[in-house]
Amino acid sequence: MAPVQTVNDFKAVGALSGATQRKVEPVGPHFLAHARRMRHNRTFSEDEAIQAQHNVKKTEDDEDDDISEDEDPMMLSRDAKDWKAQDHYAVLGLRKYRWRATPEQIRRAHRKKVLRHHPDKKAASGQRDENDSFFKCIQKATELLLDPVRRRQFDSVDEAAEVEPPTKKQVQKGNMYKLWGPVFKAEGRFSNKQPVPQLGNEDSTQEEVESFYNFWYALDSWRSFEYLDEDVPDDGESRDQKRHVEKKNNNARRKRKAEDNVRLRELVDECLAQDERIKKFRQQARAGKDAKRKAKEEETQRLLEEKERKKVEAEQAKKDAEEAAKAEREKNKKNKEAAKNASKKNKRVVKGAAKDVNYFASGEATAAQVDSVLNGVDQILTKIDVDELATLAERLTLAGKDGAAVKAVYAGEAKRLVEAGKLKDGEVTAFA
């Protein structure tokens, strides 16, 4: 243990400096408070009360007026124990904002309400409120609205935030899109998918309108109804009773959810039925279908007419072909008959040429001479064709009745046939 020093053991190691006079300016909140009390001859409690009122007024003046609302006397007399039935937004003066109020606005509204209704402030102003009921309502509203989960539960059942759909008469007299727009904007707060498509106006495209209604008919809603649950008994209560209440709450939530889905679908159905754009799109679609149907009918008619035309053309072509074939047959028949007649005539000329020159006899021709010449002529006639026959007849006609000339023509033709291999040499001797 270290030894204790005594005064006698103290040794100065230096000397104090001399005193210096300086001017000191009294500042700071405590000095200002002292000066204020002295100037107005107030006690500590009187000055604090007056200063508190001044601070409240200054704070209220500094706050924006956008979160200031008149307070309902009925609301000020609310029982704090019945907090679940209170309008938390109204308590904080945020009626017009409701689910759109930001956390910062909620904090500012809370601060403003506290400055106005804090028990200490009331006590300082001479007011007495033994229950401090409304102040507790303010605290409960702030606590709930700054908790995202509990606030969502309250927003889910906040009827004051709902917008009533317009009636048919209102729609007939006013702008349908301006009347229905706020309704879907309010309902859109429950959508898990954001941003929510807007209703649009009369100039919206069909794609935009169909996208809007498809979205709402398949809305993915987070809306629940836990806020309306019956309070579950404390842990000390019967477990069976607790399970019963929880089951009852779950069934009630599902029922309310199903009812809300039906309500929302009917809401969308009603808007759809009043939407003139849908009628316009249907008319356009009908007109398009009519145009397509008309075009299809015209094309069908055209094809039928084309088929009929081709059929008529085919029948005419067939008829023309038959007539041409008939004409050709008749022509060929005539030609054959003409050729046949010509051939007969030419044969008569060929045979008659020998007769005209007396079968080449100098006097009266004997039967043997006639047979010999006619046999020779027949031999030639059987070996030549129509053209050769015509040529032969022509040459014989030119020869006339000159026996030598006629015989020469026969002899020349016989020689030609021998050279062509159609007759044998020496087979025809009548013209030698």
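Apart from its neighbours within four places in sequence, Ala-430 is in contact with Phe-360, Ser-372, Val-373 and Lys-407, where contact means heavy atoms within 4.5 Å. The model is a predicted one, in which local features need pLDDT of at least 70 and side-chain atom pairs count only at pLDDT 80 or more, while totals for chains, interfaces and linings use all residues. Residues are numbered from 1 along each chain as its sequence is written, and side-chain values use heavy atoms, with hydrogens and water left out.

Ala-430 belongs to the segment after H16, the helices being DSSP runs (H or I, at least four residues) numbered from the N terminus. Its relative accessibility is 15%, and Ala-430 therefore counts as buried; the term covers values under 20% relative accessible area, whereas exposed stands for over 50% and partly exposed for what lies in between (1.4 Å probe, protein chains only). Along the chain, Ala-430 is 179 residues from Asn-251, and the C-alpha atoms of these two residues are separated by 139 Å.

Phe-360, one of the residues in contact with Ala-430, is placed in the loop between H13 and H14. Although it is not a glycine, Phe-360 has a positive phi of about 70°, and with a relative accessible area of 22% it is partly exposed. Tyr-359 also has a positive phi in a residue other than glycine, near 55°, and is found in the loop between helix H13 (276-356) and helix H14 (367-383). Tyr-359 has a relative accessible area of 15% and is buried.

Within helix H16 (residues 403-419) lies Glu-413, which counts as buried because its relative accessibility is 3%. When residues up to four places away in sequence are not counted, Glu-413 touches Ile-380, Ile-384, Leu-392 and Arg-395.

A helix pair is formed by H5 (residues 103-117) and H7 (residues 133-145), whose axes come within 10 Å and cross at roughly 170°; axes here are lines fitted to C-alpha atoms, for helices over the stretch in contact, and angles run from 0 to 180 degrees between N-to-C directions. This crossing makes H5 roughly antiparallel to H7, given that angles over 145 degrees count as roughly antiparallel, those under 35 as roughly parallel, 65 to 115 as roughly perpendicular and the rest as oblique. From H5, the residues Ile-106, His-110, Lys-113, Val-114 and His-117 meet Phe-134, Phe-135, Ile-138, Gln-139, Thr-142 and Leu-145 of H7. The residues of this contact divide into six nonpolar, four polar and one charged, with Ala, Val, Leu, Ile, Met, Phe, Trp, Tyr, Cys and Pro counted as nonpolar, Asp, Glu, Lys and Arg as charged, and the others, Gly among them, as polar. Helix H5 also holds Lys-112, which is buried at a relative accessible area of 7%. Lys-112 and Leu-92 are 20 residues apart in sequence, and their C-alpha atoms are 8.6 Å apart in space.

Open spaces were examined next. The largest pocket holds about 370 Å³ of space; on a 1 Å grid over the protein atoms alone, a pocket is an open set of points with protein on both sides within 12 Å along at least five of seven lines, and its lining residues have an atom within 4 Å of a point. Its lining comprises 24 residues, of which Trp-99, Arg-152, Asp-155, Arg-189 and Trp-222 lie nearest the centre. Two or more lining residues are given by each of H5, helix H8 (148-156) and helix H10 (176-187), and the largest share, four residues, comes from H8. By class, the lining of the largest pocket divides into 12 nonpolar, five polar and seven charged residues.

Arg-152, itself in helix H8, is partly exposed, with a relative accessible area of 41%. Leaving aside its neighbours within four places in sequence, Arg-152 is in contact with Asn-192 and Trp-222. Arg-152 and Phe-225 are 73 residues apart in sequence and 9.7 Å apart in space, C-alpha to C-alpha.

Phe-225 is one of the residues lining the second largest pocket, among them also Ser-156, Glu-159 and Arg-263. About 180 Å³ of space lies in this second largest pocket, and the largest share of its lining, four residues, comes from helix H12 (residues 239-274). Its lining residues divide into three nonpolar, one polar and seven charged.

Methods:
1 Å grid on protein atoms, 1.4 Å probe; cavity = no way out; pocket = protein on both sides within 12 Å on 5 of 7 lines; lining within 4 Å. Points joined across faces, edges and corners; volume = space filled by probe spheres on them.
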